[in-house]
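Colleague: Please take me through one part of this model closely, and then through the pieces of chain that go with it. Keep it brisk.

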Amino acid sequence: MPRALSALIVVILCFAFPLAAGAQSTASTSLEKAVAALGAQDVRSIEISGSGTIYAIGQNATPTMPWPRFTLKSFTRSINYDTASLRDEIVRTQALDPPRGGSQQPIRGEQRQIFVVSGDRAWNVVGDVNNPVPVALAERQAQIWITPHGVVRAAMARNATVRGRTITFDDPARYRMKVTVDLQHRVAQVEAIVPHAVLGDLPIEVRYLNYRDFGGVKFPTKIQQLAGGFPILDLMVTDVRPNAAVDIQVPDNVRATAEPYARVTSQMVADGVWFLSGGTHNSALIEMKDHLILVESPINDQRALAVLAEVKSLVPGKPIRYLVNTHHHFDHAGGVRAVAGEGVTVITHEVNRAFLERAITARATVRPDHLAKAGRTAKVESVRDQRVLTDGTRIVEIRHIAGNLHHDGLIMVYLPKEKVLIEADAYTPLPPNATPPSAADANPYSVNLVDNLKKQNLDVEQVLPLHGRIVPIAELHKAVGH
Ligand SMILES: [Zn+2]
């Protein structure tokens with residue numbers, strides 16, 4: 001048949017059977033077509049770079065605000081699909097003025113961050129130190145397989161279901177994915193669900209726009225990511241290097257430290273008051289006549305269960321009645337679900353109450369956690385300005401740190417007889433022998449804490465910070481320049 005005639009017949013058929021033709025072009029999507037459209041068949045590694053805006057998930061100043069925003073000066077993501085490894089190198093600067101929320105605000109100048117995952121190990125690189133961060137593992141693994149080339153590769157390996165322009169598959173206990181391809185069979189959107197310490201299931205959504213050709217491989221030049229309903233990344237991609245050399249090895253110390261959160265050390269700071277440390281985040285334990293009060297359950301299930309075990313060995317036979325949560329930030333609330341699973345009542349500021357109620361009733365379907373397995377729930381009670389817990393002998397004052405830009409619902413615990421203050425994120429001590437900043441460069445969150453101590457007339461001798469080491473109150477004053 002002459003070519004012109006066959007083309008004419010195709011045109012006629014399309015007009016005659018528009019529905020059938022339309023249905024065929026969408027229903028015939030397959031993984032093979034997606035691979036071909038992306039030029040993904042020979043992509044074993046990739047390096048992309050760009051700039052834009054990045055946000056800190058779980059670090060908003062109230063639970064209903066979007067995640068705090070940072071200027072993303074440069075972003076380089078290197079992935080090796082064969083070894084399931086990824087390395088992000090980020091240079092970010094402060095965007096919010098005044099600072100609002102967590103994630104090490106206010107950042108002075110440029111801050112470089114390096115986040116890595118390889119196989120089942122995740123770590124951060126700080127200078128020449130590799131810090132294991134298992135709590136970040138699930139999200140980082142998902143970031144490898146959520147990329148356009150990663151997602152079609154994972155879909156092929158995991159026996160995906162293809163319906164119309166939608167591809168679905170899962171990796172049990174790691175993620176569930178739903179991929180939508182555009183009319184050219186390129187990955188346009190990926191919706192993933194990953195396990196999360198605070199939220200149970202965390203939804204991540206990525207949109208891939210403005211595909212361009214990079215040496216035969218198609219890659220989007222605009223990437224928008226949301227997690228938990230708010231943006232986490234807006235990236236303009238400027239460079240893509242398919243099959244760049246990406247060799248990521250798990251450092252020896254990371255391999256040797258499989259369970260960093262399991263190590264809990266305890267120190268008695270006053271009769272019946274303990275500081276529980278041993279990692280990046282601390283807790284405190286207060287013994288009352290017939291019950292215990294735990295202040296903060298950070299990070300994740302593993303940390304929470306290790307802290308609970310330490311509490312049991314310090315004070316055998318006395319139940320924990322209350323967990324005081326200082327604020328909803330995900331690093332500080334990551335162990336709330338596990339403690340709630342023990343039936344312990346949670347006390348927090350009223351700003352965090354609805355959020356924590358939802359968090360401890362949320363489902364964890366991808367990887368059921370301690371709470372999901374316990375199948376029980378707990379109450380959340382709230383504090384506005386102040387609440388006093390007492391057994392007739394000991395007094396425990398839970399107080400609002402008012403007007404702190406780190407968080408609207410930040411609370412501290414004050415023990416008036418022991419002159420002890422327990423606080424998170426308003427003040428984190430510098431390492432011993434570090435030079436304190438000038439008054440002008442003082443951390444505004446710490447300045448606000450000092451104001452609160454003065455206004456609320458609190459006589460503090462020792463600070464038990466929920467990051468870092470115990471310090472005398474003089475260190476806080478030095479840190480703010482008076
Ligand atoms: Zn915080």
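Modeller: A word on names: a helix here is a DSSP run of H or I with at least four residues, a strand is a run of E with at least two, and both are numbered from the N terminus. Keep in mind that this is a predicted model.

Start at the metal. The zinc ion is held by H327 through NE2, H329 through ND1, H406 through NE2 and D425 through OD, at 2.1 Å. Why is the arrangement of the 4 donor atoms irregular? The angles they subtend run from 92 to 167°. A tetrahedral label would need all angles between 85 and 135 degrees.

Now follow the chain. The donor residues are spaced H-x1-H-x76-H-x18-D in sequence. H329 and H406 link distant parts of the chain, 77 residues apart. H329 sits in the loop between β18 (320–324) and α8 (330–333). H406 belongs to the loop between β22 (395–400) and β23 (411–415). Both H329 and H406 are buried.

β18 and β19 (residues 345–349) run parallel and are joined by 3 bridges.

Look at the loop between β17 (292–295) and α7 (301–314), where S297 lies. S297 counts as buried because its relative accessibility is 3%. Beyond its neighbours within four places in sequence, S297 contacts A304, L323, H332, A333, G334, G335, V336 and V339.

Last, a helix elsewhere in the chain. α5 (residues 148–157) is largely enclosed by the rest of the structure, because 7 of its 10 residues are buried. The buried residues are P148, H149, G150, V151, V152, A154 and A155. Just after α5, N159 takes a positive phi of about 55°.

Terms used: Residues are numbered from 1 along each chain as its sequence is written. This is a predicted model: local features need pLDDT of at least 70, side-chain atom pairs count only at pLDDT 80 or more; totals for chains, interfaces and linings use all residues. Side-chain values use heavy atoms; hydrogens and water are left out. Donors are N, O and S atoms within 2.8 Å of the metal (3.2 Å for Na, K and Ca); water is not among the atoms, so sites may look incomplete. Four donors count as tetrahedral if all angles lie between 85 and 135 degrees; four count as square planar and six as octahedral if opposite donors are over 155 degrees apart and all others between 65 and 115; anything else is irregular. Buried means under 20% relative accessible area, exposed over 50%, partly exposed in between (1.4 Å probe, protein chains only). Contact means heavy atoms within 4.5 Å. Two strands pair if DSSP finds at least two bridges between them.
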